[in-house]
Amino acid sequence: MAETLDGTVFRTAEGWCAFSWGPRGLRRFVLPRKSQWDAAEEIAPAAVLSPGTVPAPWDALVKDVTRYFQGEGPIDFSRFPVDLDGTSGFTRRVYEAMKKIPWGCVATYGELAASAGNRKAARAVGQACSRNPVALVIPCHRVVAACGLGGFGGRLDLKRRMLDIEGAGYRPREDAPRVDK
C-alpha cells in the first residue's frame with residue numbers, strides 16, 4: 001500500500017507554493033505557480049491536502065517561505081527534515097553539498113560535482129538539480145553554470161529573482177566561454 005502524505009498549498013508574494021510531507025520529512029516542494037490549483041496539482045494525488053492548520057514544523061516552513069518571497073532573510077531552510085528515500089548515492093551527495101551553499105552565494109555545477117566526489121560529473125549535477133523534489137529547501141537555485149545561470153526548469157526568471165532576493169550578485173567567470181553572444 002502506498003504511503004499517504006499530508007500537504008498544503010499557500011500564497012506567497014511570488015505566487016502559490018505547495019509542499020507535502022510524511023513521517024520522515026519533507027517529500028515535495030513546489031515553487032510558486034500562478035494558481036493554487038497549479039500548485040496543488042504538483043503534489044496531488046500523492047498528498048492529502050490539509051484544509052486547516054498545518055502542524056509543526058511545517059507551519060514554520062510556510063512562514064519562512066512566505067518571508068523569503070517577501071524578500072526577507074537570510075532564512076535557513078536546512079532545519080527542516082527532508083525525506084530522500086530512494087535517492088541514489090551520488091545524487092544524495094549532490095543534495096547534501098547543495099544544502100551547504102550559504103545564503104547569498106552560488107556554486108557552479110562543476111564545483112558541486114567535485115564536492116560530491118566526482119569533479120567530472122557536472123552534467124550529472126545538472127540532472128540532480130532538475131530532479132530535486134524539494135527546491136528552495138535544497139537550494140538548487142544557487143547552482144549555476146560557469147558561463148551563465150544554467151537551467152531551472154524553464155523558469156530562469158524565478159531563479160534570477162531568488163538569487164536577487166538572496167543578494168547573490170552572480171556573474172559568470174571572466175574566463176568562462178560565453179553562450180549568450
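**Reading burial, cores and pockets**

Tutor: Let's begin with Thr108, which counts as buried because its relative accessibility is 14%. Buried means under 20% relative accessible area, exposed over 50%, and partly exposed in between (1.4 Å probe, protein chains only). Please keep in mind that this is a predicted model, where local features need pLDDT of at least 70, side-chain atom pairs count only at pLDDT 80 or more, and totals for chains, interfaces and linings use all residues. Numbering runs from 1 along each chain as its sequence is written, and side-chain values use heavy atoms, with hydrogens and water left out.

Student: Where is Thr108 found, and which residues is it in contact with, leaving aside neighbours within four places in sequence?

Tutor: Thr108 belongs to strand 5, residues 107-108. Helices (H or I, at least four residues) and strands (E, at least two) are DSSP runs numbered from the N terminus. Contact means heavy atoms within 4.5 Å. Leaving aside neighbours within four places in sequence, Thr108 is in contact with Val143, Val144, Ala145 and Ala146.

Student: Is Val54 buried or exposed?

Tutor: Val54 is buried, with a relative accessible area of 12%, and lies in the loop between strand 4 (47-49) and helix 2. Its C-alpha atom is 8.5 Å from that of Gly7, although the two residues are 47 residues apart along the chain. Not counting residues up to four places away in sequence, Val54 touches Thr8, Trp21 and Asp59. The loop between strand 4 and helix 2 also holds Pro57, which a cis peptide bond joins to Ala56, with omega about 0°.

Student: Which residue joins Pro74 through a cis peptide bond?

Tutor: Gly73 does, with omega about 5°. Pro74 has its place in the loop between helix 2 and helix 3. For another backbone feature, look at Leu136, which has a positive phi of about 85° although it is not a glycine. Leu136 is in the loop between helix 5 and strand 6 (143-144) and counts as buried, at 2% relative accessibility.

Student: Which residues touch the most other members of the largest nonpolar core?

Tutor: A nonpolar core is a set of buried Ala, Val, Leu, Ile, Met, Phe, Trp, Tyr and Cys residues joined through side-chain atoms within 4.5 Å. In the largest one, with 47 residues, Phe69 and Met98 touch the most other members. Helix 2 (58-69) is among the elements that each supply at least two residues of this core, and the largest share, six residues, comes from helix 2. Not counting residues up to four places away in sequence, Met98 touches Leu112, Cys129, Asn132, Ile138, Pro139, Cys140 and Val143. A second, separate core of seven residues includes Trp16, Val30, Ala39 and Ala47.

Student: How many residues line the largest pocket?

Tutor: Rolling a probe the size of a water molecule over the atoms shows where empty space is left. On a 1 Å grid over the protein atoms alone, a pocket is an open set of points where a 1.4 Å probe fits, with protein on both sides within 12 Å along at least five of seven lines; lining residues have an atom within 4 Å of a point. Here 20 residues line the largest pocket, and Cys129, Ser130, Cys140, Phe152 and Gly153 lie nearest its centre. Strand 3 (25-33) and helix 5 (122-130) each supply at least two residues of that lining, with the largest share, five residues, coming from strand 3.
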